[in-house]
Every structure is written in C-alpha cells, then in structure tokens.
Amino acid sequence: VSASAGGSASAPIAAEEIYDEGPLYAAAKKVYPQKVWGTYRRLKWAVLWFALGVYYILPFVRWDRGPNQPNQAVLIDMEHSRFYAFFIELWPQEVYYFTGLLILAALILFLSNALFGRVWCGYACPQTVWTDLFLWVERAIEGDRRERIKFDDAPWSPDKLVKRLAKHAAWLVIAMLTGGAFVLYFMDAPTLLVQFATFQAPLIAYLWAGILTLTTYSLAGHMREQVCLYMCPWPRIQAALTDPDALEVTYRTDRGEPRMSVKEAARKRAQGSPAGDCIDCFQCVHACPTGVDIRKGLQLGCINCGLCIDACDAVMTKIQRPLRLIAFDTDDNIVRRKRGEPAVYHLIRPRTILYLAAIALTGCIMLYAFVTRTNMHLSVLHVRAPLFTVTAQGGVRNGYTLRFSNKLSKPSDFALTVSGLKGAMMTSVVAKPLSDGRLTARVDADATFEVPVYVSTPPGASPGKSTPITFTATDVKTGEASGVVDNFFGPITSSE
Amino acid sequence: MTIDPVQVDKVSGQTTTGHEWDGIRELNTPLPRWWLWLFYLTIAFSVVYWFLFPAWPLFGSYTGGVLGWSSRAAVADQVALAKAARMQEATALESASLSEIAAAPKLQELALAQGKAAFGDNCAPCHGSGGQGQKGYPNLTAGRWLWGGALEQIGTTIIHGIRAPDDADTRTSAMPAFGKDGTLKPEEIREVADYVRTLAGLEPEHGVDIAAGKKIFADNCVACHGEDGKGNIEMGSANLTTKVWQYGSDINDLIYTITNARNSTMPAWGHRLDPVTIKSLAIYVHSLGGGT
C-alpha cells in the first residue's frame with residue numbers, strides 16, 4: 001500500500017521466514033471517527049448541505065423550452081438522445097462539449113491540488129459527502145466514538161438489535177433516496193416520482209435506483225475509508241501531482257515535538273528546556289475519518305479534510321496554547337521556522353499560473369465553440385455504389401445522401417444549392433424543386449431529415465475524374481447557412 | 001529494481017517484499033479481507049450465472065440455463081418491439097398507393113429506409129448494393145428501364161417478376177435466337193450488330209455494310225425494338241439508342257445476343273415478400289433511378 005523511505009528500515013530478516021509466516025490478507029481496522037467542532041467542520045457541513053441540496057433539488061427545477069419540449073432544467077433524455085441544461089440543448093454529435101467539461105474539471109482538480117492538496121477528497125467527493133452523512137446518522141443512533149466502540153463489543157441485546165436495525169434502516173432510506181434522485185435526471189422528475197411511487201415506472205428506473213441504493217449503502221455505510229485507500233485511483237495520481245508548496249494538513253513538528261504531558265511541559269518551560277505543544281492526546285487520530293495519524297506526516301490515507309485541525313485546536317484552547325498546531329501548511333515552512341525564518345506561502349507560482357492559464361484557455365475554446373454553434377447543420381455523404389452513373393441520356397450523375405439537422409423548436413425550411421460544377425442540376429425524390437433551381441425540404445422541430453440528392457451534368461459534358469463541389473443549405477427564415485464540400489466523380493477520360 | 005534483503009519498516013511495522021526501486025522499498029502489506037470476499041463473491045456469481053444462463057459447451061450442444069435466455073430470442077423480441085413501434089406507419093403504408101406514399105414525406109421516408117434494407121437483403125446480389133447492376137443484370141440507376149420506370153411499373157415488375165415460371169402474370173416476352181434458329185446467317189448478324197451500334201452513336205467496325213445491317217434490322221427487329229430502335233416497354237424490348245447496355249455494347253457481345261438471345265429472368269417477389277416490403281422496394285428502386 002505505501003512505500004517507506006530507504007532509511008527507515010531495520011535489520012534484515014531472511015526472506016523465507018517472512019513469506020512462510022506473513023498473512024495473505026488482513027481484516028480492515030475499523031475506524032470510529034469522533035465528533036469535532038470548529039472551522040473546518042463547519043466548512044465541511046456547508047459543502048455537504050450545498051452538494052446534497054443541488055443533487056436533490058436540481059431535477060425539480062423547471063425551464064420553459066416551448067411546446068412539446070421537456071421543461072426540466074437539467075435532463076439527460078436517453079430515449080430521444082438529447083441533453084438539456086437550462087438554455088443549452090446538446091445532440092449526440094456534440095458530446096465533445098462534455099470532453100471540454102471533463103478537461104476543465106481535471107484542470108480545476110489539478111489547480112485545487114496545487115493550492116490546497118486533496119481538498120476535493122476531503123470536502124466535495126461524493127464518497128466523502130455520503131460517508132459524512134452516514135456517520136452523522138450512526139452517531140445520532142449509536143453515539144459518539146467511545147459509545148460506538150463499546151456498543152460494537154457489547155453482546156447482543158434487544159436494545160442493540162433495535163439500534164442496529166434503526167441505523168441500517170436509516171442508511172437504506174438515504175441510499176434509496178440517493179438512487180431515486182439519480183434516475184430523476186433521466187426522465188421528467190415529477191412524473192417519474194409519481195410513477196415510481198405507484199409502481200408504474202419503467203423497469204430500468206427501478207434497476208438503476210436499486211444499483212445506486214446498493215452502492216451508496218455499501219460504500220458510504222460499510223466501505224468508507226477503504227474506498228479511498230484501496231479503490232480510488234486519485235490518491236495515486238495526486239501523489240504524482242503534488243509539490244512542496246501545496247498547502248497540506250500538516251502537523252507542525254517544530255512546535256509539537258518533543259511530546260509530553262501538560263504538567264511536564266510546564267516544568268520544562270520553567271527550566272528553559274525545550275517542550276513541545278503536543279500532549280499526545282490522540283484527539284487528531286480519533287477525529288480522522290480515514291484513521292491516519294497526521295503526526296507521521298503527509299500520507300496516502302490523508303484526505304485533507306482538516307477535522308484533525310479542529311480536534312487539535314479544541315485541545316490547544318483547553319491547555320491555553322496557541323491554535324493550529326496542526327494546520328494547512330508545508331514541510332518547507334517547518335524547516336524555515338526551525339531556522340528562525342518566517343514562513344512563506346507560494347500560492348501564486350508557475351504551476352498554479354500554468355493551471356489557471358490552461359483553465360482559461362479551455363474555457364475560452366469551449367465558449368467560442370458554444371457561441372458560434374449553429375441551430376442547423378448539413379452533412380453530406382457521397383453514395384459509393386455506384387460512385388457515378390452514366391445515364392441513358394449520356395450525362396454523368398452522382399448520388400449524395402444529405403442530412404439536415406434542425407435544432408430549433410419549430411419546423412424549418414431549408415433551401416439547397418450546389419456550386420462548383422458547370423451546368424450541374426440537382427434532382428431529388430424527397431426535396432421539392434423551387435422555380436429558381438434550388439431544392440427545398442421541411443425539417444421537423446428538433447429533428448433531422450435525410451434527403452437523397454442526385455447531381456447530374458448535361459448530356460455530352462465530360463466532368464472529369466473528380467471535381468470539388470459545394471452544397472449550401474440555407475434556413476429560409478433565419479438565413480443561417482451551412483456549406484459542405486464534397487466531390488463529383490466522373491469516368492476517366494482519355495485526356496487524363 | 002534491485003533485490004534487497006527483507007526488512008521490517010520502522011514507521012508501519014510492516015515487512016518489505018525485498019524489492020527496491022531507487023531506494024524505495026515495497027511493503028508487503030496483506031490484502032484487505034473484504035477484497036478476498038469480493039473474490040469469493042465473483043466465484044459465487046459465476047456459479048449462479050452457469051445455472052441461469054447458457055454457459056458450458058457440451059458435445060454438440062451446451063448448457064442452456066434455467067432462464068431459457070438466448071441471443072437469438074432476444075433479437076427476435078427486439079424486432080417484434082420495433083415492429084410494434086412502427087405499427088401506425090406500417091398500417092398507413094399498407095393502405096396507401098405508391099403515388100400516395102411518394103407524395104407523403106413521412107411515409108416516403110419510412111418506405112425509403114425499409115426499401116433500402118430490403119434491397120440489400122433481396123436485390124443486391126444481382127443488381128449490386130446501390131442498384132448499379134452488372135453485366136446481365138440491369139443497372140437501376142441509369143434511367144433506362146426495360147419494363148418501365150414509373151412507380152406502378154416498377155411495383156408490377158417486382159411483384160410478378162420477369163419470365164418467372166411460378167407466376168401467371170409475370171412479365172414475359174422472348175427475343176428469337178436469330179443465329180441458333182438459322183433465321184440469320186453469321187455475316188448478317190455481324191452487319192445488323194454493327195448497325196445497332198450506330199443507333200447508340202457507337203463506331204461500327206471498318207468495312208462493314210451498315211446499309212445492309214439497316215435493312216436486316218428493318219426486316220427482323222423493328223417489330224419489337226421499333227423503327228428508331230427505342231424499344232417498347234410493353235414487351236420489355238430494349239432501347240438500343242442509349243449509353244446503357246445490359247449485356248455489353250461490344251460487337252462480340254451484340255453478336256452473341258442476336259445469335260442466342262438472352263431472355264433473362266427475375267423472380268416474382270410477390271410470392272416471397274409482404275406487400276408493404278414490396279411497396280417500399282418500389283419507392284426505393286424508383287428513387288435510385290432519380291425518379292424519372
């Protein structure tokens with residue numbers, strides 16, 4: 001799981017001895033996080049209620065898009081392959097916007113990591129949010145750390161049975177609400193909610209709600225920190241992304257060591273001998289939701305939630321020593337303070353500037369792509385079999401399959417022209433000819449329409465092996481136009 | 001990596017594996033026990049799966065599973081679902097005439113899509129994937145139709161076929177085998193073949209008597225192919241004046257055609273396909289010719 005520095009190993013042991021006796025597996029040590037109060041706990045609650053609020057309320061937010069259009073603000077409509085987010089409507093061929101969003105999310109994660117380490121893990125990750133919520137339930141029913149340890153060890157009794165059942169029932173209810181809210185993003189939420197309650201909802205909705213219920217219950221109720229330690233790839237990636245200037249939850253060894261009791265420290269200080277502020281009370285360890293001892297330094301299990309800071313501050317207040325023996329700090333600053341130099345903080349440094357620039361660039365590219373996005377689209381596919389036809393009359397004809405897309409919420413009429421080929425004539429059994437030689441087709445609201453089109457040269461013309469031609473579709477009402485270049489093929493003539 | 005003696009790590013109290021990378025030693029941390037349970041769970045899952053679903057091969061068969069699931073049945077279910085979803089349009093297609101379908105964009109769209117699929121399944125082996133045809137099999141994209149290119153004419157051809165032995169109403173006509181029957185002598189056939197080439201604007205062979213060919217044509221061919229050689233869709237006689245030749249415009253191809261006659265056949269699809277599919281095929285094939 002973790003690696004040790006080269007210097008911290010003791011005397012060699014014969015390999016056979018280890019492999020014969022070493023266990024293949026071990027039971028996870030159960031963590032009983034203790035309740036704490038303080039700045040970081042308040043922040044964690046705020047993020048938790050905000051995140052859960054968004055998750056549960058968002059599906060019910062309405063957004064009027066006109067008749068025959070869904071009025072749910074955020075909706076992933078799998079049946080009609082559309083994604084709606086307020087004023088934005090995305091089609092399947094536009095999923096690259098999600099690529100942009102994912103890149104943006106990754107860069108923001110990198111930036112937050114460069115500034116404050118794994119705060120994502122400590123505050124905003126769904127695993128952290130739901131684990132915190134489940135812990136709150138557990139604490140409310142079974143009591144705080146000490147009671148829970150005793151409760152776990154106690155023999156079965158009616159009281160224990162009732163409390164256990166109550167805890168798991170409450171967990172399951174939260175898990176079901178989690179899974180239930182998830183499926184609301186995929187259908188009209190109020191409708192689905194009624195269907196769900198009256199057992200009229202599609203099977204797939206129950207299936208996904210069930211899966212999410214199961215994962216929430218097991219991951220937030222039972223797996224907890226094991227997810228962070230063994231399942232999540234982010235701690236490993238984070239280890240490669242961090243640098244000495246990132247503010248991590250740090251035990252300030254310069255202040256804390258050597259550890260001793262309050263009385264002994266007072267005596268030492270009176271003598272003028274060095275005395276650390278750490279009284280070895282283990283409050284930081286007991287508060288930790290992943291069960292690490294932060295005094296051992298930066299480590300894989302630490303999710304930078306800062307609950308140990310709150311726990312330690314409470315103790316420091318009691319023993320009347322300065323706060324923040326544990327704080328968001330760097331190892332460099334510990335060394336500096338030991339040398340009597342002031343602490344320095346490099347929040348603005350090349351790495352963070354680079355991340356910010358990358359975020360701004362990605363954001364600008366996405367914004368540009370979004371602003372220049374059109375409400376209509378034309379795609380052209382050349383018919384390959386046959387590549388061209390010499391007609392009975394002696395002309396050359398090429399077939400094309402055109403697809404018009406109309407992203408507006410009302411039907412649009414498109415006019416089609418072709419240019420680049422002398423004397424070219426368009427015919428289609430689907431699109432109707434206008435008096436000026438253009439073709440026209442009506443495309444339904446929020447739909448695409450496939451139109452086979454033939455382009456022919458007059459009899460006797462020899463168009464050559466390949467000629468680039470341009471199809472231009474114009475929305476008659478809005479004037480929006482889309483041009484596509486393709487080729488017109490003909491027989492290879494002797495001059496070529 | 002270098003091999004390093006196994007040691008006990010001071011911080012974690014864990015033994016190392018003896019592997020070392022640039023001074024970093026790997027801890028021999030045991031697997032979490034729940035991980036092992038998950039492993040057992042996957043084994044249990046597979047046993048349940050064998051019981052429920054097709055799994056083990058046997059001699060000449062396989063274990064079917066108690067759920068009776070099969071991918072073939074799953075496809076059949078999905079096809080039935082798709083058919084049910086299109087019921088309304090399919091019913092409309094059934095009652096509409098070909099010209100009505102061509103005038104209604106929604107019906108036309110569906111007919112074109114269905115026709116394209118049916119064409120690939122049934123017609124492409126002879127007529128080519130895009131209706132481009134091949135030697136002996138008509139090109140459907142060139143606007144030259146032996147039995148007529150109007151919607152109804154195409155529909156009739158598909159339903160009854162051409163010279164189909166199992167259909168009383170099949171389109172039929174027979175070009176005589178002028179050479180094999182002894183009606184024309186080989187040099188006469190050569191002369192008329194050269195004349196036919198000139199009808200389409202092709203160069204005749206050097207030194208052949210075109211006037212003689214023209215006379216032979218007038219005596220033997222005009223009854224079916226017409227004075228001007230433009231053919232007659234009533235009897236499926238070919239238009240000889242176009243750029244499109246079903247059996248080739250080469251002089252030897254023409255001589256073979258006149259000597260032996262071709263009289264090729266097409267199955268009567270009315271016995272094989274349902275009416276809606278045939279209508280869809282007619283709409284699609286009509287569109288291949290550009291609708292003319």
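The model is predicted, so local features need pLDDT of at least 70 and side-chain atom pairs count only at pLDDT 80 or more, while totals for chains, interfaces and linings use all residues. Residues are numbered from 1 along each chain as its sequence is written, chains are lettered from A and ligands numbered from 1 in the order in which they are written, and side-chain values use heavy atoms, with hydrogens and water left out.

**Stop 1: chain A**

Select chain A and display its C-alpha atoms, which fill a box of roughly 110 × 60 × 50 Å along the principal axes. The radius of gyration of chain A is 33 Å, whereas a compact globule of 496 residues would have one near 23 Å. This radius is taken over C-alpha atoms, and the globule rule is 2.2 Å times the number of residues to the power 0.38.

In a cartoon view, chain A shows 17 helices and 17 strands. Helices (H or I, at least four residues) and strands (E, at least two) are DSSP runs, numbered from the N terminus.

Of the 496 residues in chain A, 42% are buried, that is, under 20% relative accessible area with a 1.4 Å probe, counting protein chains only. Among contacts in chain A with a separation of 6 or more, 67% join residues 24 or more positions apart; a contact means heavy atoms within 4.5 Å.

**Stop 2: a sheet in chain A**

Which strands form the open sheet of chain A, and in what order? Five strands do so, in the order 13-14-11-16-17, with antiparallel pairing. Select residues 432–433 for strand 13 and residues 481–489 for strand 17: these are the edge strands, each pairing on one side only. Two strands pair if DSSP finds at least two bridges between them.

Next, select residues 412–419 (strand 11) and residues 439–443 (strand 14) of chain A, which pair in the antiparallel sense over five bridges. A:Ala415 stands opposite A:Thr440 of strand 14. Strands of a sheet pair through backbone hydrogen bonds.

**Stop 3: chain B**

Now select chain B, which has 12 helices and four strands. The C-alpha atoms of chain B fill a box of roughly 115 × 55 × 45 Å along the principal axes. In chain B, 38% of the 292 residues count as buried. Residues 24 or more positions apart account for 51% of the chain B contacts with a separation of 6 or more.

Note on methods
Buried < 20%, exposed > 50% of the residue type's maximum accessible area, 1.4 Å probe, protein only.
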